[in-house]
Amino acid sequence: MQYLDTVKRIQFEISTVCNSQCIGCARTDSSTLKTKPIIPKNQFLSLDIFEKIFKDNRTKNLTEVQFCGSIDEATCHPNFLDIIKIILNTHEHIRLSIHTNGGTRSTKYWIKLATLLKKFGGHEVRFAFDGLEDTNHIYRHNVSWKKLTSNAQAFIDEGGNATCQTLKFPWNSHQIDNIQNLAIEMGFRRFQLRHDRSVASEMKVEEILKLRKSKKLDLGGYRQAVYDPYDNWIDDSFKDEFINRDNDKVNCLFKKDDMLFINWNAQVWPCCFISNHLLGGYLKQKQLFKETYFLYGKNFNSLKHYTLTEILNTEWFKNKFVASWDNGIRDKENPRLWICSHKCTKNSIPHQEKTSDVISIPRRQHKVLS
Ligand SMILES: C[S@@+](CC[C@H](N)C(=O)[O-])C[C@H]1O[C@@H](n2cnc3c(N)ncnc32)[C@H](O)[C@@H]1O
Ligand code: SF4
Ligand code: SF4
């Protein structure tokens, strides 16, 4: 079975750049709270790759594009507004959504963004409000409260459809009602409370602030991540926790939404979790490399070398990957990727739908524009 018959959604990670260093983000080393050294500096997906994707026949049934990558802040891409214009040229009917820490650029930029987004069939910008003025920065390091609130307000006042998204932590849980009230006052359309899925909630605020001040950067855990994918095949050693899930059905979070993931390096992957392997160190990478690059070549999923149609027609996307879900993670032939057992079987917690509560803010409470 093909991974996707029809591509309805694409999630993008368009660069390796972010202005923040959130504790639980895939770009942050949780022991030092510094950006992982394995993340290449200043890499940006180029405009010609976007032209190529949106002219490809496989995107003709697209309904949504999401800028919600694992390691990037989309507004840090120097050509983000041009990227949006490229999509607008061929796909103005779709819904475009962006997740942001809201702390970049000026209010003028956010007004321009709202003007462009209003031309789409639908749009949503999700601003992260992970606290109030005294707490937001604990998780969202380097994000100025003043910038966040003025950017979000400028976007809303220009008619942008904005959601206020709050991650709940021990240090902001007493502020949830106040954040929601602020969201209503500012004119957000929705308030979304999400549960933290990282180690952040287990940390004390003093410990976080101390690590933030420290200059120490322990490279130890990441040295082994740079390696030759064709070298040194040894038996995979997986935790029992994942081997014990071999008989549990894979319920793919991305496939059910007909969604693909495209990362900063122009690589097409089924989802963000798999793409994240590339930052995960030797043990995490080797199974993925063995089942993909080793068999199909290291450029098999690169939009720098192939079209989207060609990539989706490779044996891996067409047959092997979905078939692997019927196998165990240690099988010799086409094993299931351990990440699929980890993220998308019945004991995988947290699944997206279990982790958030969305509250629509009634229209009469939206800010009345003068
Ligand atoms: C990795 S971020 C990238 C997009 C953008 N830079 C941002 O932060 O919104 C993608 C999504 O993950 C969410 N996120 C970040 N840390 C999280 C955590 N610890 N638990 C759950 N979701 C988290 C963000 O709020 C955002 O909605
Ligand atoms: S703002 Fe987004 S990409 Fe940047 S560190 Fe935070 S979660 Fe990660
Ligand atoms: S980890 Fe595997 S099963 Fe889960 S969303 Fe990704 S591709 Fe689908």
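1. Let's start with contacts along the protein chain, where two residues are in contact if their C-beta atoms, placed from the backbone, lie within 7 Å. Among those between residues at least 6 apart in sequence, 81% join residues at least 24 apart.

2. A word on what you are looking at: this is a predicted model, in which local features need pLDDT of at least 70, side-chain atom pairs count only at pLDDT 80 or more, and totals for chains, interfaces and linings use all residues. Residues are numbered from 1 along each chain as its sequence is written, while chains are lettered from A and ligands numbered from 1 in the order in which they are written.

3. The protein chain has 14 helices and eleven strands. These are DSSP runs numbered from the N terminus: helices are H or I with at least four residues, strands are E with at least two. Of the chain's 370 residues, 37% count as buried. Buried here means that 20 or more other C-beta atoms, placed from the backbone, lie within 10 Å of the residue's own; exposed means 12 or fewer, and partly exposed is in between.

4. Now have a look at ligand 1, which has 20 residues around it. A residue belongs to such a shell if its C-beta atom, placed from the backbone, lies within 6 Å of the molecule. Gly-24, Glu-73, His-99, Arg-197 and Ser-198 come nearest to ligand 1. Strands S5 (95-100), S6 (122-128) and S7 (162-168) each supply at least two residues of this shell.

5. By class, the shell around ligand 1 holds seven nonpolar, eight polar and five charged residues. Nonpolar covers Ala, Val, Leu, Ile, Met, Phe, Trp, Tyr, Cys and Pro; charged covers Asp, Glu, Lys and Arg; the others, Gly among them, count as polar.

6. Ligand 3 is surrounded by 13 residues, and the closest are Cys-252, Pro-270, Cys-271, Cys-340 and Cys-344. Helix H9 (272-276) and helix H14 (338-344) each give at least two residues to the shell, with H14 contributing the largest share, four residues. The shell around ligand 3 divides into eleven nonpolar, no polar and two charged residues.

7. Two loop residues are worth a visit. Leu-33, in the loop between strand S2 (28-29) and strand S3 (34-35), has a positive phi near 60 degrees although it is a residue other than glycine. Asn-42, in the loop between S3 and helix H1 (47-55), also has a positive phi, near 50 degrees.

8. Why does Leu-33 count as buried? Leu-33 does so because 23 other C-beta atoms lie within 10 Å. Asn-42 has 9 C-beta neighbours inside 10 Å and therefore counts as exposed.
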